[in-house]
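Student: I have a structure to go through and would like to ask about it piece by piece. Shall we begin?

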Amino acid sequence: MKAVYLDNNATTRVDPAAVAAMLPFFTEQFGNASSMHAFGSDVGAALRKGRQQLQALLGAAFDHEIVFTGGGTESDNTAILSALETQGGRNEIVTTAVEHPAVLALCAWLEKSRGTRVHYIGVDARGRLDIEAYRHALSPRTAIASVMWANNETGTLFPVAMLAELAHEAGALFHTDAVQAVGKIPMNLKDTAIDMLSLSGHKFHGPKGIGALYVRRGVRLRPLIRGGHQERGRRAGTENAPGIIGLGVAAELAKEHIEEENTRVRALRDRLEQGLLQRIGNAFVAGDTENRLPNTSNVAFEFIEGEAILLLLNKAGIAASSGSACTSGSLEPSHVLRAMNVPYTAAHGAIRFSFSRENTDADVDHVLEVMPAIIARLREMSPFWDGKNAVQSGFAPTYA
Amino acid sequence: MWEYSEKVQDYFFNPKNAGMLEDASGIGEVGAIACGDALKLMIKVDPEDERITDARFQTFGCGSAIASSSALTEIIIGKTLDEALKITNQDIADFLGGLPPEKMHCSVMGYEALRAAVANYRGEVWEDDHEEGALLCKCFGVDEGMIERAVRNNALTTMEQVAYFTKATGSCGTCVEGVETVLERTNAAMVAEGLLDPALAFVAGGAPVVPAHKQRRSPIAPPQPSSSRMTTVQKIRAIEEVLEELRPALRNDGGDCELVDVEENRVMVRMSGACVNCQLAAVTVQGIQGRLAERLGMPVRVIPVTAGQ
Ligand SMILES: Cc1ncc(COP(=O)(O)O)c(C=O)c1O
Ligand code: FES
């Protein structure tokens, strides 16, 4: 049985071309880019190329606007902590209730340890940001607004270009966690007011543990990690040369495939989603279906629990993920679904399918073939299901 | 992925005794959909010798919840009611070759459902119809008795363990103090009875009390001077507005919520309809709390009160 991998928002397979490009930098080309000899200068040239490949993917004006980091989490931390230091006198953060823990855990720590005031902007039932509340929360005290471009659980896109302009009107910096957006939707940062953007290699077929922070020219940055002068003093430590080179190749490939991502991959996603909704009752899509990543589908199945679904899917050779409490070891369902007020009857049974360009029609066929039986089987065991119908469904599907 | 034992996997993938039991003579229901797991245990009892001749379950929950339910039915079929009541959640976990610590509440749920089913058969009023106030953790519908039993049966001595075994404190955290008191009291009694090493007994105020995952999730800042000093009337007005906005979502779930009182940063609300049946799911309280904090511009704590309080 061929394994069907539909968990590409968790991580992706490194593209073989990226692996091939990286390998020499572990062996013959092992030099340190800072060295004053030939071993180093070859590496220096390769790093420059990686930077330019990423610049092209982002549509950034300058290649030196890119600072390589150890991944999305480090980039998020760097951006927010830096703003609190450079934005003299301003000490509030505006963010959203549905950010990744890379932002939320940092904010919670800042609240606790430094008394930083953090505004968490809520979302509606479809996951759309409350723009009025955002506007309202911005003030002369705001150091930075940090709003994710695409949500990792639902794929919902936030209008970051517009939000960046609103932040600037209040004199605040604007950062976006674009870890899930980069490589999936076209972007042209030079035409926006976005000051900083986080990305991570392993979400678009690059290696793990390498990412970048885009810092618009002219925006001051306080490094998170101090030491040597690498990355123009903005991120110390000998460069992860193989990682940067792999990330560069992945960026170039993503740019080549962005059209396919938004046509063929989108069509696969849509066919799976529509197919599931047709075959299975009491299921609905969580997220803003009009403004969504092309690769992500979050389907909530009522009256059953996500971990049980994942175990049965795994047995059928299908990898997906769930925002259910049980899978994470916490006692509550995902904070994203809770922020959306998804009814409990469904929040526990939400399954995220996330595609990449490596998926095929056969993958979709396989899921559509096995899923109805899995859901039926668990519902038969559920005390909230009488065999044909919900024992009681007070839920009016506003999500459709 | 969890490290489930082979037996847990086997009982999840090939559960025995799943489904409805027609003409059950006793039914025990525990948990709620909002809490992420719920179990309905149905038993058939031979009135002659009070022997359990058949048992079936319906479970909403994760892999280990389904496996624990199925294991429970296998353990009790053929036993008399008195014999069955002697088993503990640990027996269920042992039968399955162990459960991950975070999943022990699945076995506790089985144990509690069995007690409920036997009480139902015997025509006793199951104490789950809690006296007002006896319900310690409203988010997960956990009462004092359940915590005491879990602490004794499993020799629990930390708040983290209590959360793993009963889920109590795992959501809004308003019950932490109450649960600490029960854990401390029960441990002290166990020490007095020679069941527990005094060095291990829990003392309130010692270790961190709120589970770590809870702390980082909390959208509420620690109390700090609020920039906007609102009068109580202004506060009440703002709170009513927020509740009005949230009402459609609550009604979707068949519930409602009403403001009872405001004391400084504590907001007392009364939940009704489905919100009560689901034991005041964390979702609701947290959601309301977040919105209120946002609107009032200060950290608040939303405290659900029961009718009449
Ligand atoms: C939205 C978002 N931000 C940040 C991260 C963290 O990125 P990394 O794993 O590279 O640290 C992730 C990855 O799960 C993510 O989805
Ligand atoms: S966690 Fe116990 S009452 Fe909320």
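Student: Is Ser382(A) buried or exposed?

Tutor: Ser382(A) is buried, at a relative accessible area of 1%; buried means under 20% with a 1.4 Å probe and protein chains only. This is a predicted model, in which local features need pLDDT of at least 70, side-chain atom pairs count only at pLDDT 80 or more, and totals for chains, interfaces and linings use all residues. Residues are numbered from 1 along each chain as its sequence is written, and side-chain values use heavy atoms, without hydrogens and water.

Student: Which residues does Ser382(A) touch?

Tutor: Leaving aside residues up to four places away in sequence, Ser382(A) touches Phe303(A), Ile304(A), Gln58(B), Thr59(B) and Phe60(B). Contact means heavy atoms within 4.5 Å.

Student: And what lies 3.1 Å from a polar atom of its side chain?

Tutor: The backbone nitrogen of Phe384(A) is at that distance from the side chain of Ser382(A).

Student: Turning to helices, how do H8(A) and H2(B) cross?

Tutor: Helix H8 (residues 306–315) of chain A and helix H2 (residues 63–76) of chain B cross at roughly 90 degrees, and their axes come within 7 Å. Axes are lines fitted to C-alpha atoms over the stretch in contact, with angles from 0 to 180 degrees between N-to-C directions. Helices are DSSP runs (H or I) of at least four residues, numbered from the N terminus. H8(A) is therefore roughly perpendicular to H2(B), a term covering 65 to 115 degrees.

Student: Which residues meet there?

Tutor: Glu307(A), Ala308(A) and Leu311(A) of H8(A) meet Gly63(B), Ser64(B) and Ile66(B) of H2(B).

How values were computed. Chains are lettered from A and ligands numbered from 1 in the order in which they are written. Helices (H or I, at least four residues) and strands (E, at least two) are DSSP runs, numbered from the N terminus. Angles under 35 degrees count as roughly parallel, over 145 as roughly antiparallel, 65 to 115 as roughly perpendicular and the rest as oblique. Buried means under 20% relative accessible area, exposed over 50%, partly exposed in between (1.4 Å probe, protein chains only). A polar contact is a pair of N or O atoms within 3.5 Å; within protein, one must be able to donate a hydrogen and the other to accept it, and residues adjacent in sequence count only if both atoms are side-chain atoms.
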